[in-house]
Amino acid sequence: MADRVHPMPAPPPPSSSPPPGHDAAVATETTPLHPSFRGAPPPSPGTYIIQIPKDQVLRVPPPDRARRYKKLAARPARRRRLRHACCGAFCGVLLLFLLAAAFVGVVYLVFRPRAPSFSVASLSIRGLDALAVSSLTPQIDAAVRADNGANKKTGIDYRGGGEVTVSYSGERLAAGPWPAFHQAPRNVTVFSTALAGGGVSLTEEQRKRLAADQAAGAVPLAVDAIVPVRLRFGKVLRTWTVDVKARCEVTVNKLAAAPASRECMVKVRPLWWWW
């Protein structure tokens, strides 16, 4: 005997209105937390949206601005090249300076250069009369001693153009040349030079002082020398020419005799200046 199957009731049709409380839940779940989460508003009627690839927007400028774009694009590269060039030049100059300093230091440690010493061996003065009223024309023969004994490995080249002057009480009496010659290490050279003066006019006070000094047997004179000098290290290495200044304060008992004080003060630039 077959079982009877009763038809199931049809489900109720879906209602268009949501159940109570459902609207609030949906609104709560779909409402964005920030205005930026909202989507873009739909375009207004009559508006067209054209989408252009991003690479074309960034890399393909309009033809009327292509030249300006190239200029602006090349500016950072030029600046980088300029910075690199400046850094390279600075590093090169610094490297050369360090190498030069190291070279000078090595030369100094190897050769130990010293400044030469000078002294006045004798002075012979003619034509200097304290009682003369007119202008004077002194004639002076000076014997100068150049000593390079402090240098064991360094020679000295005395270049042409040097000058020796003799003055009294600030008044220049005569001047003459310093001869050019080479002085080997540990060498002492004595040379004579003729000094001449003309148109020397002493004041009344200077004449009285000169007469008193001659009577006392102590005439103070100043011998100044400016000599172009170049150092020679070995046979090849040489420095450039530098002026050496020497000043000798001498006192003679009469105007034709050896001076009583012979030492001279020498002024020379430091070694680094010779390069």
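Visitor: What is a polar contact here?
Guide: A polar contact is a pair of N or O atoms within 3.5 Å; within protein, one must be able to donate a hydrogen and the other to accept it, and residues adjacent in sequence count only if both atoms are side-chain atoms. The model is predicted, so local features need pLDDT of at least 70 and side-chain atom pairs pLDDT 80 or more, while totals for chains, interfaces and linings use all residues. Residues are numbered from 1 along each chain as its sequence is written, and side-chain values use heavy atoms, without hydrogens or water.

Visitor: Which backbone atom lies 2.5 Å from the side chain of asparagine 151?
Guide: The backbone nitrogen of arginine 114 lies 2.5 Å from a polar atom of that side chain.

Visitor: Is asparagine 151 buried or exposed?
Guide: Asparagine 151 counts as buried (under 20% relative accessible area; exposed is over 50%, partly exposed in between, with a 1.4 Å probe and protein chains only), because its relative accessibility is 0%. Asparagine 151 sits in the loop between β2 (139-147) and β3 (154-158), strands being DSSP E runs of at least two residues, numbered from the N terminus.

Visitor: Switching topic, how many aromatic pairs are there?
Guide: The count is seven, where rings of Phe, Tyr and Trp (its six-membered ring) pair if their centres lie within 6.5 Å, with planes under 30 degrees apart stacked, over 60 edge-to-face and the rest tilted. One of them is the tilted pair of tyrosine 158 and phenylalanine 181, with 4.6 Å between centres and 35 degrees between planes.

Visitor: What does that pair tie together?
Guide: Tyrosine 158 is in strand β3 and phenylalanine 181 in strand β6 (residues 181-183), so the pair links parts 23 residues apart in sequence.

Note on methods: Helix = DSSP H or I, 4+ residues; strand = E, 2+ residues; numbered from the N terminus.
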